Amino acid sequence: MKKQFKTLLAAAAVVAAPLLITPTASAADYPSRPVKFVVPWPPGDLEDLLTRLIAEEMTNETGKPATVVNKPGGGGIIGATDVANTQPDGLTIGSFVVDIVSTYVAAGNAPYDKDTFEPVGIFLDYPFVIATKSDAPYNNLKELAEYSKTHDVSLGHFGYQALPTALTFKAAVQEGIKFKSDAPFDSIDCSTLATGDADIINTTTQTILACLKSGEVKVIASITKERIGLAPDVPTLAEQTGIKQTLWNGLFVKKGTPAEIKARIAEVAKAALEGPRAAEIAKTTGAGIYWTAGAAAEQHVADDFEASKELLKFMK
């Protein structure tokens, strides 16, 4: 695995290529050229959908073309490296999940450091949840812990490198939940529980939406900042355990980008995320859509970077 990861990092360096030295755009005429939003994942997920709304708003507001470029690979490293090797002019903006600017850097697995990027704003809480079949005799983590003392309980997750997986294991240790077994799956949906492949799953509400709506599956904790709209009576992981980390996504630019340019990007993004289409995405998926910018965003990133170091120690 380590060898494969190093190969991906080498590929990222090749993809990055030498920089073309171009004049830095001034805040007064921003954007002077087309704007590129880099999403380091394939198209279709929440960060991609929302970033496309922001890019469309940028085009409408400024009259300059703004496009979304998907650059998957290396767990997001290749796309992030592309942004790291640009000028600090706000013309290339990264749409990054928290791991890209925290866990990867803290683990030494990124070809950039924690000061390479500056947050423009954080805008998405992925609707990750801990869920089980609706007839399970527990409705929260405390009850699950008690149940697991006398019954075998298996966990299905997206892999040990995934932040929600690490947070689930941390909560299990803290609350005394005993998993008899666990296994990573490429896809975790309604059938994972229905077939008995796992008793508890760590997944997003998007993938289990059908069985949530039918009542076949229930949420026992959400790994989100606020309770999710699809299960408003279910306490968050933070409420139940005090563990506050979530899986979020934000907009980032190269460090040194003028404050006026970051403010303009933030203005456009906030307008897009407060629109009706973003609200509909939040309603139908359970995603937490909001806008946190400025000093609050910087502090959030700094706090999660420190928390990721502690989480890495725990996972070891």
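1. Basis. The model is predicted, so local features need pLDDT of at least 70 and side-chain atom pairs count only at pLDDT 80 or more, while totals for chains, interfaces and linings use all residues. Residues are numbered from 1 along each chain as its sequence is written, and side-chain values use heavy atoms, with hydrogens and water left out.

2. Six strands form an open sheet with mixed pairing, in the order 2-1-3-10-4-11. Strands (E, at least two residues) and helices (H or I, at least four) are DSSP runs numbered from the N terminus. Two strands pair if DSSP finds at least two bridges between them. Strand 2 (66–70) and strand 11 (288–293) are the edges; each has a single partner strand, so one side of each has no neighbour in the sheet. From one strand to the next the twist averages 25°.

3. Pairings. Strand 1 (residues 35–39) runs parallel to strand 2, with five bridges; Phe 37 has Val 68 of strand 2 as its bridge partner. Strand 1 is also parallel to strand 3, through three bridges, and here Lys 36 stands opposite Thr 92. Strand 3 and strand 10 are antiparallel and joined by four bridges, with Gly 94 opposite Phe 252.

4. Strand 3. Six of the six residues of strand 3 are buried, where buried means under 20% relative accessible area, exposed over 50% and partly exposed in between (1.4 Å probe, protein chains only). One side carries Thr 92, Gly 94 and Phe 96, the other Ile 93, Ser 95 and Val 97, and both faces are covered.

5. Helix 2 touches strand 1, strand 2, strand 3 (92–97), strand 4 (117–125), strand 10 (248–254) and strand 11, and its direction makes about 160° with that of strand 2. Contact means heavy atoms within 4.5 Å. Helix 11 lies across strand 3, strand 4, strand 10 and strand 11, at about 160° to strand 11. Axes are lines fitted to C-alpha atoms, for helices over the stretch in contact, and angles between N-to-C directions run from 0 to 180 degrees.

6. Helix against helix. Helix 2 (residues 46–62) and helix 11 (residues 259–273) pack at about 115°, with axes 8 Å apart. Among the residues making the contact are Leu 50, Leu 53 and Ile 54 of helix 2 and Ile 265, Val 268 and Ala 269 of helix 11.

7. Aromatic cluster. Phe 96, Tyr 112, Phe 117, Trp 248 and Phe 252 form one cluster. Rings of Phe, Tyr and Trp (its six-membered ring) pair if their centres lie within 6.5 Å; planes under 30 degrees apart count as stacked, over 60 as edge-to-face and the rest as tilted. By this rule there are eight aromatic pairs. Phe 96 and Phe 252 are stacked, with ring centres 5.8 Å apart and planes at 20°. Phe 96 is in strand 3 and Phe 252 in strand 10, so this pair ties together parts 156 residues apart in sequence. Trp 248 and Phe 252 are stacked as well, at 6.3 Å and 15°. Relative accessibility is 0% for Phe 96 and 1% for Phe 252.

8. Thr 168. This residue sits in helix 7 (residues 163–175). Thr 168 is buried, with a relative accessible area of 3%. Leaving out residues up to four places away in sequence, Thr 168 touches Ile 130, Leu 155, Asn 202 and Ile 223.
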